[in-house]
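Subject: Structure for you to look at

Hello,

Here is the structure I promised. Please open it alongside these notes.

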Amino acid sequence: MFSRVTTFLYGVVSYFIFFATFLYAIGFLGNVAVPKSIDSGRTAPLGVALLINAGLLAIFAMQHSVMARPWFKQMWTRVIPKQAERSTYVLISSLALILLFWLWQPIGGVVWNVEQPVLRAVLYGLFALGFGIVLISTFLINHFDLFGLRQVYLYLRGKEYTQLRFGTPMLYRHIRHPLYLGWLLAFWSTPTMTIAHLVFAIATTAYIFVAIQLEEKDLLDTFGDDYARYRESVPMIVPVRIGKAN
């Protein structure tokens, strides 16, 4: 078993690998300061590129969803310390993204290209806003708990981990999943949409809406009637209420 110090250091390293991956994702999607971005020129035949990219997206989706399920956590914590479970999830999620960045096959081909300077600036602004919403949302629900640092810090100090209370700070008062809204803005807000970027955006959007259903089932199991009432009164993604909350 890991010692308390080893577990804490493991959590810190896992966090910094995540944060470096998050920063790289900005460059990868925004075509800024990375050796190969999502919109680079094609390097493989179209069919091969599509198969590789689909496989990389499937690996990430499966890992991200399966490891987040309570039944997997119960099984997994028989192998690793319970206090390191979240850090391990963060680390493996980051490694899955690093694999995607490394092996991603650009396809080329332009689906749309916005040349008007003001509209291009608006789209770049929405892209930046998306990543900003993602980061802000994590802090609103406790960034350090979400990425495993709180768990390993409490373990280092010999304190028992306590489940965070259900709350709806700021953005969460208007939509249930601002973090996912941020990702959607980041994925779709681009003045130049290539085929590879479109495939990525469609696949990740589909995954987000599947992930929301799985996540909300877990939240209902954890917070019960509090979350049920919240789900009934607050929209899911779009901060506009049409009939019942979506």
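**What I found**

Ala-128 is partly exposed, with a relative accessible area of 49%. On this scale, buried means under 20% relative accessible area, exposed means over 50%, and partly exposed lies in between (1.4 Å probe, protein chains only). Ala-128 sits in helix 5, residues 117-140. Helices here are DSSP runs (H or I, at least four residues), numbered from the N terminus. Ala-128 and Leu-185 are 57 residues apart in sequence, yet their C-alpha atoms are 8.5 Å apart in space.

Some ground rules. This is a predicted model, in which local features need pLDDT of at least 70, side-chain atom pairs count only at pLDDT 80 or more, and totals for chains, interfaces and linings use all residues. Residues are numbered from 1 along each chain as its sequence is written, and side-chain values use heavy atoms, with hydrogens and water left out.

**Helix 1 and helix 7**

Helix 1 covers residues 4-30 and helix 7 covers residues 149-156. They pack at an angle of about 160°, with their axes 8 Å apart. Axes are lines fitted to C-alpha atoms, for helices over the stretch in contact, and angles run from 0 to 180 degrees between N-to-C directions. Helix 1 and helix 7 are therefore roughly antiparallel to each other. The cut-offs: under 35 degrees is roughly parallel, over 145 roughly antiparallel, 65 to 115 roughly perpendicular, and the rest oblique. The crossing of helix 1 and helix 7 is left-handed. That term applies if the near helix is turned anticlockwise from the far one by less than a right angle; clockwise gives right-handed.

From helix 1, the contact uses Arg-4, Val-5, Thr-7, Phe-8, Gly-11, Val-12 and Tyr-15. From helix 7 come Leu-149, Val-152, Tyr-153, Tyr-155 and Leu-156. Contact means heavy atoms within 4.5 Å. The residues of this contact between helix 1 and helix 7 divide into 9 nonpolar, 2 polar and 1 charged. Ala, Val, Leu, Ile, Met, Phe, Trp, Tyr, Cys and Pro count as nonpolar; Asp, Glu, Lys and Arg count as charged; the others, Gly among them, count as polar.

**Helix 2 and helix 9**

Helix 2 is residues 46-66 and helix 9 is residues 195-223. Their axes come within 11 Å and cross at roughly 20°. Helix 2 and helix 9 are therefore roughly parallel to each other. Their crossing is right-handed. Leu-50, Leu-57, Ala-61, His-64 and Ser-65 of helix 2 meet Val-199, Phe-200, Ala-203, Thr-204, Tyr-207 and Leu-214 of helix 9. By class, this contact of helix 2 with helix 9 has 8 nonpolar, 3 polar and no charged residues.

The length of helix 9 checks out. Its 29 residues should span 42 Å at 1.5 Å a residue, and its end C-alpha atoms are 41 Å apart, which agrees. The expected span is 1.5 Å times one less than the number of residues. Gly-224 follows helix 9 and has a positive phi, near 60°.

**Helix 4 and its neighbours**

Helix 4 (residues 85-103) agrees too: its 19 residues should span 27 Å at 1.5 Å a residue, and its end C-alpha atoms are 27 Å apart. Its buried residues include Glu-85, Arg-86, Tyr-89, Ser-94 and Phe-101. The buried residues of helix 4 pack against helix 1, helix 2, helix 3 (70-76), helix 6 (143-146), helix 7 and helix 9.

Thr-21 belongs to helix 1. Thr-21 is buried, at 5% relative accessible area. Leaving out residues up to four places away in sequence, Thr-21 touches Ser-94, Leu-97, Ile-98 and Phe-101.

**Loops**

Asn-31 is near 60°, and Met-170 is at about 45°. Asn-31 lies in the loop between helix 1 and helix 2, and is partly exposed at 37%. Met-170 lies in the loop between helix 7 and helix 8 (178-188), and is exposed at 52%.

His-177 is in the loop between helix 7 and helix 8. At 4% relative accessibility, His-177 counts as buried. Not counting residues up to four places away in sequence, His-177 touches Ile-212, Glu-215, Glu-216, Tyr-227, Met-236 and Ile-237.

Best wishes

Methods:
Helix = DSSP H or I, 4+ residues; strand = E, 2+ residues; numbered from the N terminus.
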